[in-house]
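Visitor: I am new to this structure and should like to understand the terms used to describe it. May I ask how each description is reached?

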Amino acid sequence: MTAPDPVTPAPLHEPVERFRGCHGTIVGGLQRLRGLPELAEAMRQARATAADTLALFEQQVLPHHGDEEKELFVAVSRSAAEGAERAAVDDLVARLVAQHRAVEGMWAALRPAVQAVAAGKTHPLPGFEQAVASLVETYLEHTRLEEMAFLPLADMILRRNPNHMAALDLSLHIRHAPMPRLAYM
Ligand SMILES: [Fe+2]
Ligand SMILES: [Fe+2]
């Protein structure tokens with residue numbers, strides 16, 4: 001008697017063969033199931049990244065723009081020497097403020113899609129990938145302009161007068177001090 005071939009399954013008769021036929025679908029589904037933990041982990045990471053991004057814009061980016069526009073830019077312009085230096089500062093500030101508005105507009109358009117991802121839904125925005133890439137690239141360009149051009153200029157101008165540097169420091173402290181609780185009258 002010859003041993004059964006381990007590769008070629010033995011022919012079966014209907015309806016027994018139909019039971020084996022079902023295994024094709026079941027085995028295919030089980031192979032996909034193997035990938036589910038990895039996909040679930042990717043979904044968990046997507047939700048966490050989306051939630052962190054919402055917090056980043058609310059708690060860091062938007063207040064940072066406020067600090068720059070209401071305190072830093074004003075202080076540097078005020079301390080700049082009248083004439084060419086102040087014109088250069090104001091020109092740079094106008095560009096930086098325009099970039100803030102552009103980024104804020106991009107964020108406002110992207111926010112609902114990020115909120116949807118944070119809630120575990122698939123993103124509803126067509127061009128989501130492009131919108132994310134544009135926002136990130138625009139913001140990185142903005143930080144480069146500040147770090148390469150504005151901040152060194154600001155530092156040079158403000159350090160001429162220690163009182164001006166101290167005044168900026170104080171304004172920022174006041175701005176970030178916790179709001180006092182108002183007692184009911
Ligand atoms: Fe900025
Ligand atoms: Fe900045």
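Guide: Let us begin with L110, which has its place in helix α3. Please bear in mind that this is a predicted model.

Visitor: What makes L110 count as buried?

Guide: A residue is buried if 20 or more other C-beta atoms lie within 10 Å of its own. L110 has 20 C-beta neighbours inside 10 Å, and therefore counts as buried.

Visitor: Which residues is L110 in contact with, leaving aside its neighbours within four places in sequence?

Guide: They are A131, V132 and L135. The cut-off for such a contact is that the C-beta atoms lie within 7 Å.

Visitor: How far from L110 is K121, in sequence and in space?

Guide: K121 and L110 are separated by 11 residues in sequence, and their C-alpha atoms are 15 Å apart.

Visitor: Why are α3 and α4 called roughly antiparallel?

Guide: Helix α4 covers residues 128-158, and α3 packs with α4 at an angle of about 155°, their axes being 10 Å apart. Angles over 145 degrees count as roughly antiparallel, and α3 is therefore roughly antiparallel to α4. In their contact, 19 residues are nonpolar, 4 polar and 1 charged. The crossing of this pair is left-handed.

Visitor: How do you know that α2 and α3 are roughly antiparallel?

Guide: Helix α2 (residues 36-79) and helix α3 (residues 84-118) pack at about 160°, with 10 Å between their axes. The cut-off is again over 145 degrees, so α2 and α3 are roughly antiparallel to each other. Residues in this contact include F57, H65 and F73 of α2, together with V93, H100 and W107 of α3. By class, the contact of α2 with α3 comprises 14 nonpolar, 5 polar and 4 charged residues. α2 passes α3 in a left-handed crossing.

Visitor: What makes α2 and α5 roughly antiparallel?

Guide: Helix α5 runs over residues 162-176, and the axes of α2 and α5 cross at roughly 165°, coming within 11 Å. Since angles over 145 degrees count as roughly antiparallel, that description applies to α2 and α5. On the α2 side the contact is made by D67, E71, L72, A75 and S79, and on the α5 side by H164, A167, L168, S171, L172 and R175. These residues divide into 5 nonpolar, 3 polar and 3 charged. The crossing of α2 past α5 is right-handed.

Visitor: Why is α5 said to lie largely in the open?

Guide: Of its 15 residues, the number buried is 1, and α5 therefore lies largely in the open.

Visitor: How do you know that the span of α5 agrees with its number of residues?

Guide: The expected span is 1.5 Å times one less than the number of residues. For the 15 residues of α5 this gives 21 Å, and its end C-alpha atoms are 21 Å apart, so the two agree.

Visitor: What can be said of the span of α1, and how far is α1 covered?

Guide: Helix α1 (residues 16-34) has 19 residues and reaches 28 Å between its first and last C-alpha, close to the expected 27 Å. The count of buried residues in α1 is 0, and α1 is accordingly described as hardly covered.

Visitor: What kind of peptide bond joins E14 and P15?

Guide: The bond between E14 and P15 is cis, with omega about 0°. P15 has its place in the segment before α1. Most peptide bonds are trans.

Methods:
Residues numbered from 1 in each chain as written. Chains lettered and ligands numbered in written order. Predicted model: local features only at pLDDT ≥ 70, side-chain atom pairs only at ≥ 80, totals over all residues. Helix = DSSP H or I, 4+ residues; strand = E, 2+ residues; numbered from the N terminus. Buried ≥ 20, exposed ≤ 12 C-beta atoms within 10 Å, placed from the backbone. Axes fitted to C-alpha atoms, helices over the stretch in contact; angles between N-to-C directions. Parallel < 35°, antiparallel > 145°, perpendicular 65-115°, else oblique. Left-handed = near helix turned anticlockwise from the far one by under 90°. Contact = placed C-beta atoms within 7 Å. Nonpolar A, V, L, I, M, F, W, Y, C, P; charged D, E, K, R; others polar.
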